[in-house]
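Here's a quick tour of a predicted model, written for someone who likes to know where the atoms sit. Have a look at the sequence and the structure, then read on.

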Amino acid sequence: MTDKLFLDLVNIVGESKVSDKLYERMLYDHDIAPLPPEISLIFNTIPDIVVKPSSVEETSKILKYAYENKIPVIPRGASTWGFGGTIPTNGGIVLELTELKKLSLDVENQTVTVGAGIRWKSLIDYLENCGYTFNVYPSSAISATIGGWIATGGLGIGSLKHGHLKEHVIGLQIITSNGEIKNLSNDNQSESKIIDEIIGSEGTLGIITEATLQIIASPEKTISIAVSFNDFNSLTSVIEKVVVEPVKPYFIEAQDKDYLDLKKAIGIESPDVPILALFVYNGSTSQVEKDVKTLNKLVLEVKGSILPSEFAEKEWIERFYYMRIRKGGPTLLAGEITHPLNKLEEVVNETRIIKKKHNLRMGIKCIMVAEDTVMFMPMYLADERKRWKFVSLLPIVNDITNIGLNAGGGPYGFGIWNSFFLGKVIGDQKLVEIKALKKKMDPNNIMNPSKKYKVMTKFGIPLWGFTFKLFTSVLGLLKYF
Amino acid sequence: MKLTEVRKRGLEKELYSCAQCGYCQDICPIYCEIPWESASPRGKLYWIKKSLTTGFLRSNVELDEDFSKRLYQCTLCGRCHVVCQTMIDTISIWYTARAQTSDAKLRPKTLSQIVTNLEKSQNPYGMDPDTRLDWTDYTGLDDPPLKEKAEIAYFVGCTTAFKGINQNIAFSTSKILNHMGEDWTLLSKDEWCCGSPLLMAGEEEKAKKLAEHNLEELKKRGVKILLTGCPSCYRMWKIEIPKLLGINLDFKVVHTSEYFHNKLSEGKITITPSDDIITYHDPCELSRLSGIIDEPREILKSTSEKYVEIPEHGIDVRCCGGGGLLQANDNELRMSIAKRRLDQIKSTNAKTVTSACPSCNITLNEAIRESKDNIKCLDIAEYLAEKLGF
Ligand SMILES: Cc1cc2nc3c(=O)[nH]c(=O)nc-3n(C[C@H](O)[C@H](O)[C@H](O)COP(=O)(O)OP(=O)(O)OC[C@H]3O[C@@H](n4cnc5c(N)ncnc54)[C@H](O)[C@@H]3O)c2cc1C
């Protein structure tokens, strides 16, 4: 089977774009979330083959082939998402899309059409050279691909001011599971509906091959202000006020003292404050100056203080580097949830209870992704070399997700590990709807099967939330042996 | 065989701190040409980690020829370290892994030839050691100084002394030293390779021997300053040799670009600025790995009013492909990397690109020759000597 698969795919794309070598395939068995090898008890995470198409046509032919032969296809960008979206659960074809590198600027319409494999940072840099910018990008922009972010969260830097990524997508080119290439435009109502579903579909409905995005002229000025707050309540109250100003900040993030201490522990100079927040404004110089004055006033009112500008500049440059603290681990585990802003203090308190209970080296980082929504990311250090102890620390990620759910929010994506929360988050009716859509768009269930909707083990038995919980707790108990 | 040497040298925690974020991919010169995980830094780190994780349900990854080949598909340019979330000491990991492949006899054959050459003739090219000074004849350098005692030893380096295209670098440097009236000397055949290629081929012990010999020769001559125009020799002397031998050097190690820069700022060399459009390609071992970034730029800015930068420069320079012994291992790969860099150089519209490294000089000149582009590539010493009318 595998030999035939190899030869067939080589026939389609040529030998240099296919690998069936074990030393290669085994590097495609994970994403950024550290997993214990025990995972191989339930999943077959090493793909049978990896293919790297370099054109839309090649991608379409591969899908057609997989469709006819009913072989699972796992789309993959840079594999920087942490919920298992790119991890095979029972072999199959990993379809790595990083070579789809089209880039074409349409100055007249202020749009750019980009291949799914372009990295967000290279797009932003390219646009900046031409005097333009794209409003939003993930903080993993250095490696995350256009396709990967469209297929997942779509919230990140700039979302506070400019909204969700989907508000800036004008059209998508997708390939459906049978290999059909479709050009979808937001101008067309029925196509626009499909675009809406594809965004955030985690590779389960089709492959995104190209996106046309609305761009704008680079802002005249960008300024970042570092502020120290005494507690999360004062931070929240200032955020609540600045986000209702006519011009919202471009970006707001905060780190607590514990997180700053974890940075210090690895030699990164950080201010000694209870909470370090960064407010970034952009726009016309006069507007930005006005905004900063307003911020200054509000900060003083809650007895916060503005820190020297070098802290702000450094934090802004470091916005791509929030995993630095892993150096002290050497493993880093993290929760990632979104929740309403007015629950921030509550969520922080509950997270700290968990931290205390398990005696974790944990710090909190959060960013504002909408006027009233926080993306909350508590991160804690572990050491995967200490096998059972490490495994016992894994279920804490779920505890954090539950805090988010209780606060009226939820996990930021599903993949494998959060698939159990899907119904709870989107509601029963929506669940029925998207399951029907999945069936319609992917009748052979080859598009990233075993993700988001229903997870299957390598034995073909569904993995339910409680069995998974049991599995992890049993592994966790082994630390006592 | 497992890559256990990484653990023995205390690099295991570094290895495990890899976040797999992939920031090291698009900036990696190798990954840009071979876009597979196994050719990217994060893929290599993940592979090494797997090879160290043994036991129940653990992988049975063993060092084999396929992976060993990947370890040598690397220019050792160090950019993966700079862009890394967790600032992993990747360079040390790459060198360590290579050291173990040499033990396991999995090193590419062409590199073993270099090692043999170095053992036999103390240069990587297998040239007769007696011909080390032949460049002085070819270039017409009169009275090359061969003194018993001197303040400055000009450590020419094998790639400059033996490679025709680079010999003018040595000539130019010598002319400038004479012009400055320095008390300087060449070491002639007493100069042995600095040992950098041996480290790159994973042969530390053999590198030590060369270093010890050179040290002896320098001591004999009472040298206060070791001057070199080769970033590999420079880094070897400044960083690696003291580490390898566990000593502090009792002379200063100076790169020619630092030396020229000093002389210019002291006003001892003066040049009237021209309007040549000129640019500078940073050698990775000089800029990123040794921190010499401003000096060459200041030299060039003082000689031309139209100095321009290449995209990705300074600490973020994109390697030209000339490092890590890639030429011996996979020349085709080296040339495709060089072409990519040349395209960036051409985007500046400069008529002259300078560098400060004999390997960059060879590689870029070769790429220019192949592409038939109308652009000149010179070492900064050659450029300066030309301006001074030598
Ligand atoms: C340091 C760091 C910071 C991060 N910051 C953010 C942030 O600010 N906001 C945020 O949302 N996320 C963030 N993430 C998570 C992640 O980087 C993003 O979700 C990113 O957009 C994923 O892109 P990728 O190319 O790595 O996708 P992958 O991880 O390769 O794929 C993610 C999912 O999308 C599917 N997929 C990938 N490409 C395609 C395609 N072309 N067509 C169809 N399906 C596809 C995959 O099957 C998978 O299910 C961060 C991660 C890191 C490491």
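Which element supplies the largest share of the shell around the ligand? That's α5(A), with four residues. Before going further, a bit of bookkeeping: this is a predicted model, so local features need pLDDT of at least 70, side-chain atom pairs count only at pLDDT 80 or more, and totals for chains, interfaces and linings use all residues. Residues are numbered from 1 along each chain as its sequence is written, chains are lettered from A and ligands numbered from 1 in the order in which they are written, and side-chain values use heavy atoms, with hydrogens and water left out.

**The ligand site**

In total, 36 residues surround the ligand, and the closest are A:Pro75, A:Thr80, A:Ser140, A:Thr145 and A:Tyr412. A residue makes this list if one of its heavy atoms lies within 4 Å of the molecule. The site is shared between chains, because residues from chains A and B surround the ligand. On the chain A side, β3 (73-76), α5 (146-151) and β10 (207-214) each supply at least two residues of the shell; helices (H or I, at least four residues) and strands (E, at least two) are DSSP runs, numbered from the N terminus.

Sorted by class, the shell has 17 nonpolar, 17 polar and two charged residues. Here Ala, Val, Leu, Ile, Met, Phe, Trp, Tyr, Cys and Pro count as nonpolar, Asp, Glu, Lys and Arg as charged, and the others, Gly among them, as polar.

Some backbone atoms of chain A sit within polar-contact range of the ligand, and the table gives their distances. A polar contact is a pair of N or O atoms within 3.5 Å; within protein, one must be able to donate a hydrogen and the other to accept it, and residues adjacent in sequence count only if both atoms are side-chain atoms.

| Backbone atom of | Ligand atom | Distance |
|---|---|---|
| A:Ser79 (N or O) | oxygen | 2.8 Å |
| A:Gly85 (N or O) | oxygen | 3.3 Å |
| A:Ile208 (polar atom) | nitrogen | 2.9 Å |

Taken alone the ligand exposes 970 Å², and the protein buries 99% of that. These areas come from the Shrake-Rupley method with a 1.4 Å probe; for residues, only the protein chains shown count as cover.

**Domains**

Chain A is assigned domain 1 (2-96), domain 2 (103-217) and domain 3 (221-411), with bounds from an automatic or database domain assignment. The ligand shell draws at least three residues from each of domain 1 and domain 2 of chain A. The C-alpha centres of those two domains lie 23 Å apart, and 12 residues of domain 1 are in contact (heavy atoms within 4.5 Å) with 18 residues of domain 2.

For chain B, the assignment gives domain 1 (3-107), domain 2 (110-260) and domain 3 (272-387). Domain 1 and domain 3 of chain B have C-alpha centres separated by 28 Å, and 20 residues of domain 1 are in contact with 19 residues of domain 3.

**Helices of chain A**

How much of α8(A) is buried? Eight of the 11 residues in this helix (232-242) are buried, meaning under 20% relative accessible area, while exposed is over 50% and partly exposed is in between (1.4 Å probe, protein chains only). Among the buried ones are A:Phe232, A:Leu235 and A:Ile239. Their cover includes β12 (221-229), α10 (285-301) and α12 (344-358) of chain A.

A:Ser392 sits in helix α13 (387-393) of chain A. This serine is buried, at 14% relative accessible area, and its side chain reaches the backbone oxygen of A:Lys389 at 2.7 Å. In α14(A) (396-406), the buried residues include A:Ile396, A:Ile400 and A:Ile403. Just after that helix, A:Gly408 takes a positive phi of about 85°.

**A strand residue and a loop residue**

A:Leu105 lies in strand β5 (103-106) of chain A and counts as partly exposed, at 25% relative accessibility. Leaving aside neighbours within four places in sequence, its contacts include A:Thr111, A:Tyr126 and A:Ile215.

Over in chain B, B:Asp130 is in the loop between α8 (109-121) and α9 (134-139). The side chains of B:Asp130 and B:Lys189 are joined by a polar contact of 3.4 Å. These two residues are 59 apart along the chain, yet their C-alpha atoms are separated by 5.9 Å.
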